[in-house]
Amino acid sequence: MTQAMNDRELKLDRMRYVKNTSSSRLCYLAILLNVLYFVSIYKSDVGSWYYQILVGGSIVYNLLFMLITFLSSEGVKNYQKNYSWPLFILGALQIARIFILPMQAHSTVVKVGSTETIVMQDPQFIRCIIYLAGSAACLILAGWINLRKATALEHHIGTIGKEAA
């Protein structure tokens with residue numbers, strides 16, 4: 001029992017000197033999945049449907065998303081709890097995005113020339129859902145891992161301070 005306890009204490013003490021790469025890498029993966037979504041949406045050109053204010057707002061959101069996620073990835077590297085909350089919020093927003101642009105594009109039929117076509121076909125729609133859901137999962141998991149590790153490290157440092165006093 002003592003060996004297992006010593007190993008746990010050693011792991012916790014090691015966290016003071018080693019970065020939280022698991023949360024940080026999950027943030028990078030979330031950014032990558034968002035970029036794949038971004039490319040999938042903006043390479044589409046079906047009539048003039050994509051030339052609307054919703055798409056412009058989506059572009060601005062994508063830029064803010066990547067900026068906030070990158071900044072949060074740097075914060076979670078250092079086990080800072082407060083960076084978990086933006087990750088949770090961004091994860092929820094990624095899920096909400098599924099029901100905005102992809103859902104609208106998938107359910108909209110436009111006339112291009114003399115033929116009617118769906119703005120977003122099934123394969124692209126499924127890809128977009130996978131990209132957004134995967135990005136959301138990475139963000140929520142990164143936030144949860146960081147929150148758990150930061151709390152454990154905070155408690156460990158408090159324990160060390162009590163022992164020193």
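1. The crossing of α3 and α4 is left-handed, meaning that the near helix is turned anticlockwise from the far one by less than a right angle; clockwise would be right-handed. The helices here are DSSP runs (H or I, at least four residues), numbered from the N terminus. The axes of α3 and α4 come within 10 Å and cross at roughly 150 degrees. Axes are lines fitted to C-alpha atoms, for helices over the stretch in contact, with angles from 0 to 180 degrees between N-to-C directions. This angle makes α3 roughly antiparallel to α4, a label used for angles over 145 degrees.

2. The model is predicted: local features need pLDDT of at least 70 and side-chain atom pairs count only at pLDDT 80 or more, while totals for chains, interfaces and linings use all residues. Residues are numbered from 1 along each chain as its sequence is written, and side-chain values use heavy atoms, with hydrogens and water left out.

3. Which residues of α3 and α4 make the contact? On the α3 side they are Ser 58, Tyr 61, Asn 62, Phe 65, Ile 68, Thr 69, Ser 72 and Val 76. From α4 come Pro 86, Leu 87, Leu 90, Leu 93, Gln 94 and Arg 97. Contact means heavy atoms within 4.5 Å.

4. The largest nonpolar core has 28 residues, and Tyr 37, Ile 41, Trp 49, Tyr 50, Val 119 and Met 120 touch the most other members. Such a core is a set of buried Ala, Val, Leu, Ile, Met, Phe, Trp, Tyr and Cys residues joined through side-chain atoms within 4.5 Å. Buried means under 20% relative accessible area, exposed over 50%, and partly exposed in between (1.4 Å probe, protein chains only). At least two core residues come from each of α2 (21–42), α3 (53–77), α4 (84–98), α5 (101–107) and α6 (122–164). Helix α6 gives the largest share, eight residues.

5. Beyond its neighbours within four places in sequence, Ile 41 is in contact with Tyr 50, Leu 101, Met 120, Gln 124 and Cys 128. A second, separate core of five residues includes Leu 12, Tyr 79, Ala 150 and Leu 153.

6. Leu 153 lies in helix α6 and is buried at 9% relative accessible area. Not counting residues up to four places away in sequence, Leu 153 touches Leu 12, Met 15, Arg 16 and Tyr 79. Tyr 79 sits in the loop between α3 and α4 and counts as buried at 11% relative accessibility. The phi of Tyr 79 is near 55 degrees, a positive value in a residue other than glycine. Most residues other than glycine have a negative phi.

7. Ser 24, in helix α2, is buried with a relative accessible area of 1%. Leaving out residues up to four places away in sequence, Ser 24 touches Ser 73, Val 76 and Lys 77.

8. How many disulfides does a search of the whole structure find? The search finds zero, a disulfide being a pair of cysteine sulfur atoms within 2.5 Å. Cys 128 cannot pair because its sulfur is 16 Å from the closest cysteine sulfur, in Cys 138, too far for a bond. Cys 138 is in no disulfide either, with the nearest cysteine sulfur, that of Cys 27, 8.7 Å away. Cys 128 is buried at 0% relative accessible area, and Cys 138 counts as buried at 9%.

9. Thr 2 is found in helix α1 (residues 2–14) and counts as exposed at 56% relative accessibility.

Methods
Angles under 35 degrees count as roughly parallel, over 145 as roughly antiparallel, 65 to 115 as roughly perpendicular and the rest as oblique.
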